[in-house]
Amino acid sequence: MSVGAVSRTAFEISTKFDRAPLAYTLSAVAAVVYVFITYTLVRGGETARKAALVCCAGELVGVLTVGTWTIVDPSAFPEATVWSGFGWGYIFIPVLLPVTGMLWLRRSQRG
């Protein structure tokens, strides 16, 4: 997911940023969050686990906020973000990923 998000963001920002700066900036934020979560999971340790948990929660808030915003005011997003429609264009993976990550991180804490 990290590689895909970074690749998509790099393409969008370099080719069509002027069409929808808010949408592409939010896609870049999502990409950075995915990369950071991946890094913390690879690094391991309690501090990294807590940081990943906070990032997953922030990602979920972003998905829910932008997802709702894109439905309530579609004109605010002339181009879709990863979070548009709660991740509709990505088979809802953007909304499922942080939830799954938080559940996994909580379960790994008990172990």
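Predicted model: local features only at pLDDT ≥ 70, side-chain atom pairs only at ≥ 80, totals over all residues.
How are helix 2 and helix 3 oriented to each other, roughly parallel or roughly antiparallel?

Helix 2, covering residues 21-43, packs with helix 3, covering residues 46-72, at an angle of about 155°, and their axes are 9 Å apart. Because angles over 145 degrees count as roughly antiparallel, that is the description that applies to helix 2 and helix 3, and their crossing is left-handed. On the side of helix 2 the contact includes Leu22, Leu26, Ala30, Val33, Phe36 and Arg43, while helix 3 contributes, among them, Ala48, Cys55, Glu59, Val66 and Trp69. Sorted by class, this contact has 15 nonpolar residues, with 1 polar and 2 charged ones.

Let me turn to the aromatic rings, where the count comes to 3 pairs. In one of these, the rings of phenylalanine 36 and tyrosine 39 have centres 6.5 Å apart and planes at 40°, so the pair is tilted. Phenylalanine 36 and tyrosine 39 are 3 residues apart in helix 2, which means that about one helical turn separates them. Phenylalanine 36 counts as partly exposed at 36% relative accessibility, and tyrosine 39 is likewise partly exposed, with a relative accessible area of 47%.

Another pair is formed by tryptophan 88 and phenylalanine 92, whose ring centres lie 5.6 Å apart with the planes at 75°, so this one is edge-to-face. Here tryptophan 88 is exposed, with a relative accessible area of 64%, whereas phenylalanine 92, at 33%, is partly exposed.

Methods:
Residues numbered from 1 in each chain as written. Heavy atoms only, no water. Axes fitted to C-alpha atoms, helices over the stretch in contact; angles between N-to-C directions. Helix = DSSP H or I, 4+ residues; strand = E, 2+ residues; numbered from the N terminus. Parallel < 35°, antiparallel > 145°, perpendicular 65-115°, else oblique. Left-handed = near helix turned anticlockwise from the far one by under 90°. Contact = heavy atoms within 4.5 Å. Nonpolar A, V, L, I, M, F, W, Y, C, P; charged D, E, K, R; others polar. Phe/Tyr/Trp six-rings, centres within 6.5 Å; stacked < 30°, edge-to-face > 60°. Buried < 20%, exposed > 50% of the residue type's maximum accessible area, 1.4 Å probe, protein only.
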